[in-house]
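Me: Can you walk me through this model? I'd like to start with its pocket and then move on to the overall fold.

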Amino acid sequence: MADPRQPTELTVSDRNSIEDLLASYVLNLDVDDIDAAAALFLDDAEFVTYGRVFAGRERIRRMFASAPKGLHLSGRALLVAAPHGADVRMQLVFFPADDAPRRLAVYDLGLVRRTDAGWAIRRMECRFLDGEGKLAAQP
């Protein structure tokens, strides 16, 4: 019998669904559909950014609503099966709509498979590349 703590292989369907989830995340933020972006997270999800933890979907939604607007350009994600579902690492360039400098970021996500609606974000951490190319809590 297989060890339930060991990650299972991600199917092609899983990978496609996860890629759709990631694209939905950045595109919903870009068109300011905050509710749709927040709906991608579990009720008790965590989002870590700028050294702060936003716990729960409602706090994440409020953080999105107050965040600067702009364009999120993400690269191809690295997807790895994990005991809880999947771990994801992806890079992102954020171009603010105002004249603020762009931000270079790396996102680490923990995803879970919902029984009723595909995949959801359990945890997301955003770290920024500093002037020396090292990951830091702030740009």
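**Pocket and fold**

Me: How much space lies in the largest pocket?
Reply: About 390 Å³. Keep in mind that this is a predicted model.

Me: What lines it, and which residues lie nearest the centre?
Reply: The lining of the largest pocket has 22 residues. Nearest its centre are Met63, Ala67, Pro68, His72 and Arg103.

Me: How does that lining split by class?
Reply: It has 15 nonpolar residues, 4 polar and 3 charged.

Me: Which elements supply at least two residues each?
Reply: Two helices are on that list, α1 (12-30) and α3 (57-66). The strands are β1 (41-49), β3 (70-74), β5 (85-96), β6 (103-114) and β7 (118-129).

Me: Switching to the fold. How many helices and strands are there in the chain?
Reply: The chain has 3 helices and 8 strands. Their order along the sequence is α-α-β-β-α-β-β-β-β-β-β.

Me: What share of the residues is buried?
Reply: 37% of the 139 residues. The accessible surface of the chain is about 8100 Å², with 52% of that belonging to carbon and sulfur atoms.

Me: Last one, contacts. What percentage join residues at least 24 apart?
Reply: 45%, counted among contacts between residues at least 6 apart in sequence.

Key: Residues are numbered from 1 along each chain as its sequence is written. This is a predicted model: local features need pLDDT of at least 70, side-chain atom pairs count only at pLDDT 80 or more; totals for chains, interfaces and linings use all residues. Side-chain values use heavy atoms; hydrogens and water are left out. On a 1 Å grid over the protein atoms alone, a cavity is a set of points where a 1.4 Å probe fits but cannot get out, and a pocket is an open set with protein on both sides within 12 Å along at least five of seven lines; lining residues have an atom within 4 Å of a point. Grid points are joined across faces, edges and corners, and a volume is the space filled by probe spheres set on the points. Helices (H or I, at least four residues) and strands (E, at least two) are DSSP runs, numbered from the N terminus. Ala, Val, Leu, Ile, Met, Phe, Trp, Tyr, Cys and Pro count as nonpolar, Asp, Glu, Lys and Arg as charged, and the others, Gly among them, as polar. Buried means under 20% relative accessible area, exposed over 50%, partly exposed in between (1.4 Å probe, protein chains only). Contact means heavy atoms within 4.5 Å. Accessible areas come from the Shrake-Rupley method with a 1.4 Å probe; for residues, only the protein chains shown count as cover.
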